[in-house]
Amino acid sequence: MRSSTFNVTSFFIAFCFSASIVAKATVFDITNYGAKAGNADISQALTSAWKEACASAIPSSVLIPKGSYSMRAVKLQGPCKSKVTVNIAGNFKAPADPAQFKGEDSWVTLQNVDGLTFTGVGGGGIFDGEGEMAWKQNDCAKTGTCNSLPYNFRFNFLTNSIISHISSVDSKLFHMNVLGCKNMTLQDITISAPHNSLNTDGIHIGRSDGVYIKGANIKTGDDCVSIGDGTKNLHVEKVTCGPGHGISIGSLGRYPNEDHVVGVYVKNCVISGTDNGVRIKTWLNSYETVASDLHFEDIVMNNVMNPVMLDQAYCPYNHCKARVASKVKLSNISFKKIRGTTGSKVAIRLVCSSGVPCQNVEIADIDLKYNGRDGPAVSECANVKPKITGKLNPAACTKLVSDTGSAASA
């Protein structure tokens, strides 16, 4: 009997000891890989910790302790053997000189991972892209080539993943790019850059299915949220936007073989002091593609230029070779419960293509006040007969315009 009791006790002690070792082994602290706060680059330490966590057969975490760190471009990629959580208590600065990225198109790339959680904790998770030098080099307005600088973040082909409590500051180009992701949530995100920082879109989503943006405070020099081709089942909620260019679907139709956009739902957002509010934009002289089920609801506008825009005459910087009607087919669109103040006389602009006129456009319960000296707000329309529900201020389609007229803003 003693022998049996001894064996059971010994087994229990050994099991607990083994479990303790495993539990400790699943937390990979970057300081154990040589990372130190300060000016020394920690990219190699972070990459090493990530590789071990990704190779773990049980759920694991990478820990970035409190402190300020310098970091060059890093790529944290899978596939991983189990779920990985990256807990970020520290804050980061990127190299200021774009040349130090040596052709890399992103500062932080996370890709090909299923079950990733990437989160700031304890006030950490601030990523400062040091973008001022890069903005001076950006010649996009002259050349039309706008991808020569690194983004702060690229989230590529992530599945069942969460990005939360992350701050992106002064990115050299886009702050966050979401590509090829499925069932992904971005929650409690902060994005900040000056209003004159060119092409610093806050969050750009493309070719992804089931992305949720739940709570974001975005101040930047371009679109707060921009939605590209191939986006499906996107939900954007509780975003505060401004300064910036608003929340935009598009621009669509610039390139051949763009994937369809289906199911975009933007609701419960506040937009303040921006160049645009909520808008859908497709290029003049475009390639053929389709966008449908696009819905904006419960939006507050505070002194916003062009608060509601459906613009199929988009042509920034006069880069269109010919002013030919857009070939992008738009259908099942609604703008509902949009209220506040407009900084421009034109509060609603629904300019559809004369080649493929919009189908099933609804505007409902819109109240946008304009206090300019040139009279009350107006609504412009082309090639559309919207369904009208509830009260509208301004009234629908008080002015008819052309869909191949003057160029739109960027």
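This is a short chat about a predicted model.

Q: How many strands form the open sheet, and in what order?
A: There are 12. The order is β4-β7-β10-β13-β15-β17-β19-β21-β23-β25-β27-β29. The pairing is parallel.

Q: Which strands sit at the edges?
A: β4 (74-77) and β29 (399-400). Each pairs on one side only.

Q: What holds strands of a sheet together in general?
A: Strands pair through backbone hydrogen bonds, either parallel or antiparallel.

Q: Take β17 and β19. How many bridges join them?
A: Three. β17 covers residues 225-227 and β19 covers residues 247-252. Ile 227 stands opposite Ile 249 in β19.

Q: Which residues of α2 are buried?
A: Ser 43, Ala 45, Leu 46, Thr 47, Ala 49, Trp 50, Ala 53 and Cys 54.

Q: And what covers them?
A: The cover includes β1 (27-29), β2 (60-64), β4, β5 (84-88) and β8 (116-120).

Q: Which residues touch the most other members in the largest nonpolar core?
A: Trp 50, Phe 118, Phe 127, Phe 155, Leu 186, Val 278 and Phe 335. That core has 92 residues.

Q: What does Leu 186 touch?
A: Leaving out residues up to four places away in sequence, Leu 186 touches Phe 155, Ile 163, Met 176, Val 178, Val 211, Tyr 212, Ile 213 and Lys 214.

Q: Which residues does the second core include?
A: Among its eight residues are Leu 284, Ala 313, Cys 320 and Val 351. This core is separate.

Notes
Residues are numbered from 1 along each chain as its sequence is written. This is a predicted model: local features need pLDDT of at least 70, side-chain atom pairs count only at pLDDT 80 or more; totals for chains, interfaces and linings use all residues. Side-chain values use heavy atoms; hydrogens and water are left out. Two strands pair if DSSP finds at least two bridges between them. Helices (H or I, at least four residues) and strands (E, at least two) are DSSP runs, numbered from the N terminus. Buried means under 20% relative accessible area, exposed over 50%, partly exposed in between (1.4 Å probe, protein chains only). Contact means heavy atoms within 4.5 Å. A nonpolar core is a set of buried Ala, Val, Leu, Ile, Met, Phe, Trp, Tyr and Cys residues joined through side-chain atoms within 4.5 Å.
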